[in-house]
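Subject: Model handover and notes

Hello,

Please find the model below. My notes on it follow.

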Amino acid sequence: MSLSTASVRARIASVVFFASLTALALSFAASLLFGGAPEAELEPAQAAIDRAFSQEDLVAGWIAVDFADGVDKARYDEIEKSWGIDVEFNSAASVNTALTIGRVPADTPEALDALLDKIRAHPEVEHAEPLFRYAASFVPDDPLFEKQWNFEMIGLTRAWDVSRGEGVTVAVIDTGVAYEDRDEFRAVPDLRGARFAPGYDFVNDDAHANDDHGHGTHVAGTIAQRTDNGEGVAGVAFEATLMPIKVLDMNGMGNSADIAEAIRWAADHGARVLNLSLGGGGYSKIMADAVAYAADKGALVVCAAGNGGRAKVEYPAAYPGALAVSAIGPSGRLASYSSYGPQVAISAPGGDIRASGVAEHGILQNTIRREAVGQSHYAFYQGTSMATPHVAGVAALLFAAGAPDADAVRQALFQGAKKPRSGIFDASPRVAQVKSTANASADDTSATEIGASGAFAGGRSIRHGHGVLDAIGALKALGIPVDRSPGVRFAALVLALALLFLARLTLPSDKRRARTVGLTIVFGAAIASLGLFFMPWIGCPSRLAMPMVRWPLPLIGGAGMNAVFGSALIPFVLGFFTHAGRCRLGRELAIGLSLGFAGALLVEAFSGATIALLPFATPGSGWFAATISAVWFVANACLSFLLARALMGVPEGGRR
Amino acid sequence: MSAQTFRGTIRREDLSGGYLVLITDDGHRYLLGGATKALREEGLRVEVQGEVLGEGGPSIAVTSDPILRVTGSKRL
C-alpha cells in the first residue's frame with residue numbers, strides 16, 4: 001500500500017515537473033514568436049521591455065538619450081543642466097544622429113525611472129532609456145577595436161556569432177600586402193597569424209606580392225585583420241584566407257593589362273571574392289573581359305565606385321559583372337568624395353575625415369609607412385577604397401555561411417542592405433538604436449536620382465545603390481538565423497528535456513521502469529541543442545559552438561540552413577547504428593541527440609530560418625519559404641522525437 | 001607620347017592614404033607618378049617634366065584624372 005502511494009507521488013511529481021518545463025519552454029517559444037514587435041508598438045511597450053531586462057543587462061549608472069536630429073553639443077549641454085546630468089555623444093557616428101550617453105546619479109530603479117520620465121518629457125528628446133549591455137555577441141579583445149565605428153555600423157559583432165569567413169579566399173588586387181618577412185619587407189604585426197593563399201606580383205613578376213605603398217595592406221586589414229589576438233584592430237572576415245596580388249606600384253598606379261591578368265589569375269586560383277580598391281576613367285576592353293571571366297567562374301568582383309565626388313562611376317566598378325561600392329561616413333551620409341551613379345550597387349563605410357576634420361572618422365587598420373616599408377603603424381584612411389573591402393569581407397562571411405554562389409551573395413547583400421530613408425539605423429550593439437540622419441535623405445533627394453520623385457526609386461538610389469551594407473540583414477536574407485540572445489539556444493535545451501520526460505511518460509510502464517535517464521542522454525541533448533558549447537571555454541573558439549541544426553555545410557551548401565543538419569537525418573543515422581547493438585552509451589547518446597535535435601528544430605520553426613535544398617523553398621522569398629521551412633522543422637522535430645522514444649523502448653542491455 | 005613640361009601647384013590629397021596631384025596653372029589636374037620624392041609638399045610651386053599616360057589609368061586614387069609620370073622637376 002505504502003509502496004503504491006509512493007509510486008503515485010512520484011508520478012504526480014514527474015507530471016508537475018514536466019508541465020512546468022513545458023510551460024517554460026512554451027514561454028520561450030512565444031517570446032521568439034512574438035519577439036519582433038512592430039515599431040508602432042514599441043513606445044507603449046517600452047516600460048515592459050525595460051522591466052524585462054534584468055539588472056545584469058543594464059550598464060549600472062548609465063543612460064542613453066536620443067535627442068531630436070540637429071541637436072548639437074552646445075544645445076544638449078544647455079538642456080541637460082535642468083536634469084543635473086552630463087551626457088556626451090556616444091561615438092563618432094552620433095554627431096548627426098544626436099544619440100548621447102551619460103552617467104546618472106540615480107541609485108535606485110525608482111529614481112532612475114523618475115529621471116528618465118523627466119528627460120522623455122522634454123520636447124527635444126526623442127527617447128531616453130537605460131543603457132543595455134548586449135552580452136550575447138562575440139567582442140574581440142583587440143585594444144583599438146573601439147575605434148572601429150564602421151564595424152558597429154554594419155552589425156559585425158552579431159554576425160561573427162554565425163560566420164567569420166572561414167574557408168573563403170579573398171583576393172586583394174592592390175599595391176601588395178605586408179604579409180611576410182622578406183628583404184626589406186616585414187609583415188605588419190596585426191596580419192601575423194592571419195591566413196594567406198599564394199599570391200602573385202604582376203608589377204615585378206614574382207610570387208611575392210609585398211607592399212611598397214601601404215594601401216593594399218590597409219585594405220587587406222579591413223577584410224581579414226588578425227582579430228581577438230590582443231593586438232591592434234579587427235577585420236570583417238578574420239577567418240577568411242587572403243590572396244595578396246600586386247598590380248599597383250609604389251605610387252599606387254598600374255596598368256590595365258596587369259590588372260586584367262590579375263583578375264583572371266585570382267579567379268583561376270580559387271578566390272571567391274576579388275577586392276579591387278582601384279580604378280580610373282579609361283575604358284579597357286581587356287579589363288572588362290577579365291571581370292566578365294571572373295564573374296562567369298563564380299567569383300564576386302567588388303570594386304570601388306570612385307573618389308571623384310561626382311555622378312560618374314569609374315572603371316572597373318562600371319564594367320558589367322562588377323559590384324560597385326560607394327562610401328559613407330560615420331553619419332550614414334554619402335561621403336563628399338564618393339562617386340555615384342546608376343552602377344552603384346551598395347554603400348559601405350569608407351570614412352569621412354574631410355567632413356569633420358576628425359581623423360577618427362576614418363577607417364582604422366594596420367599598415368606600413370610609405371616612407372619606410374618595413375615599419376608598421378595604425379592609420380585612419382578614407383575613400384571608396386576603404387568601403388570596398390567591407391563589402392568583400394561581408395561577402396566572405398556569406399560564402400562561409402553557406403551561400404551557394406556569387407549570385408546568392410549579391411542578392412543577400414542587396415536584400416539585407418538598409419535603406420537610409422527608412423529612418424531606423426540599428427548601428428550600435430552597445431546602445432539599442434541609432435537613427436540615421438535626416439540629412440542623408442535630404443542629401444539623396446537633392447541629387448539627380450534614377451526616379452523623378454524620390455531617393456529610392458525602384459528600391460535603388462544612385463548614391464547608395466540597394467542601400468547601406470548590413471552584415472546581419474545579409475545573413476538573414478540568406479536564411480541564416482542570427483541569435484537575438486543566448487535564451488534562444490537555452491530554449492532548445494529546455495524543450496529537449498521536456499520532450500525527454502514526455503517520451504518517458506508515454507512509454508509502456510514496463511519499458512519505462514527499465515529505462516533510466518542517464519547523464520549521457522542529457523549530454524547528447526546538450527551538444528545537439530547548444531553545439532560544442534564547451535569549445536570556447538577551453539580556448540578553442542569554434543564555429544561548431546552553435547546548435548547542431550545550424551552547423552554549416554559549405555560543400556553541399558545552399559543558402560539557408562542545410563537539410564543535412566537541419567533535419568532528423570543525423571539522429572536517424574545514429575539511431576540506425578545503435579538501436580540493435582549492446583553499446584548502451586551509444587544508444588543513450590543517440591537518444592539525447594534525437595531529443596536535442598527535436599528541441600532545436602522546434603525552435604527553428606519559430607525563428608524564421610529557411611531550409612535549403614528544397615526545390616520549392618527559395619531562401620528569402622518571403623512567407624512561402626518561411627511556411628514551408630516551418631513545416632519542415634516541425635515534421636523533422638516530430639520524427640526525431642519518435643525516434644528518441646523508440647530508442648528509449650530498447651532494453652538497456654540491447655535486444656537479445 | 002613624348003615628355004612635356006607643366007607648371008603648377010602640388011596638392012596632397014587625403015584619400016586612399018594620400019596621393020599627389022598637380023594642379024596646372026591652366027586648371028588641369030594630373031595624378032603624379034614616377035619620380036615624385038621631391039614633390040611631397042602641399043602647396044609647392046613646381047615645374048614638372050613628364051609623360052601623360054592617357055586618361056584615367058587605374059590607381060588607388062580611383063578618379064578619371066590623367067596620370068602624369070614624372071621624369072624631372074624643379075621648385076619655382
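Asp228(A) is partly exposed, with a relative accessible area of 31%; the scale used throughout is buried under 20% relative accessible area, exposed over 50%, and partly exposed in between, with a 1.4 Å probe and protein chains only. Phi of Asp228(A) is positive, about 65°, although the residue is not a glycine. Asp228(A) sits in the loop between helix H8 (215-224) and strand S8 (241-246) of chain A; helices (H or I, at least four residues) and strands (E, at least two) are DSSP runs, numbered from the N terminus.

Before the rest, the conventions. This is a predicted model, in which local features need pLDDT of at least 70 and side-chain atom pairs count only at pLDDT 80 or more, while totals for chains, interfaces and linings use all residues. Residues are numbered from 1 along each chain as its sequence is written, chains are lettered from A and ligands numbered from 1 in the order in which they are written, and side-chain values use heavy atoms, with hydrogens and water left out.

Other backbone points in chain A

Asp183(A) is another residue other than glycine with a positive phi, near 50°. Asp183(A) lies in the loop between strand S5 (169-174) and strand S6 (195-196) of chain A, and counts as exposed because its relative accessibility is 55%. There is also a cis peptide bond between Tyr315(A) and Pro316(A), with omega about 10°. Pro316(A) belongs to the loop between strand S10 (300-304) and strand S11 (322-328) of chain A.

After H12(A) comes Gly402(A), with a positive phi near 115°.

Two packed helices are described by the angle between their axes and the distance between the axes. For helix H12 (residues 384-400) and helix H13 (residues 406-416) of chain A, the axes come within 10 Å and cross at roughly 120°. The axes are lines fitted to C-alpha atoms, for helices over the stretch in contact, and angles run from 0 to 180 degrees between N-to-C directions. H12(A) and H13(A) are therefore oblique to each other; under 35 degrees counts as roughly parallel, over 145 as roughly antiparallel, 65 to 115 as roughly perpendicular, and the rest as oblique. The crossing of H12(A) and H13(A) is right-handed, meaning that the near helix is turned clockwise from the far one by less than a right angle.

On the H12(A) side the contact (heavy atoms within 4.5 Å) is made by Val391(A), Val394(A), Ala395(A), Leu398(A) and Phe399(A). H13(A) contributes Ala406(A), Val409(A), Ala412(A) and Leu413(A). The residues of this contact divide into 9 nonpolar, no polar and no charged. Here Ala, Val, Leu, Ile, Met, Phe, Trp, Tyr, Cys and Pro count as nonpolar, Asp, Glu, Lys and Arg as charged, and the others, Gly among them, as polar.

Helices H18 and H20

The axes of H18(A) and helix H20 (residues 584-607) of chain A come within 7 Å and cross at roughly 40°. H18(A) and H20(A) are therefore oblique to each other, and their crossing is right-handed. Residues in the contact include Phe523(A), Gly524(A) and Ile527(A) of H18(A), and Glu588(A), Gly592(A) and Phe597(A) of H20(A). The residues of the contact divide into 12 nonpolar, 5 polar and 1 charged.

H18(A) is mostly covered, with 9 of its 12 residues buried; among them are Thr520(A), Ile521(A) and Leu530(A). Gly531(A), which follows H18(A), has a positive phi near 80°.

Chain B

Chain B has 0 helices and 5 strands. Of its 76 residues, 51% count as buried. Among contacts in chain B between residues at least 6 apart in sequence, 52% join residues at least 24 apart. One example of a residue there is Thr9(B), in strand S1 (residues 4-13) of chain B. Thr9(B) and Arg45(B) are 36 residues apart in sequence and 4.6 Å apart in space, C-alpha to C-alpha. At 27% relative accessibility, Thr9(B) counts as partly exposed.

Regards
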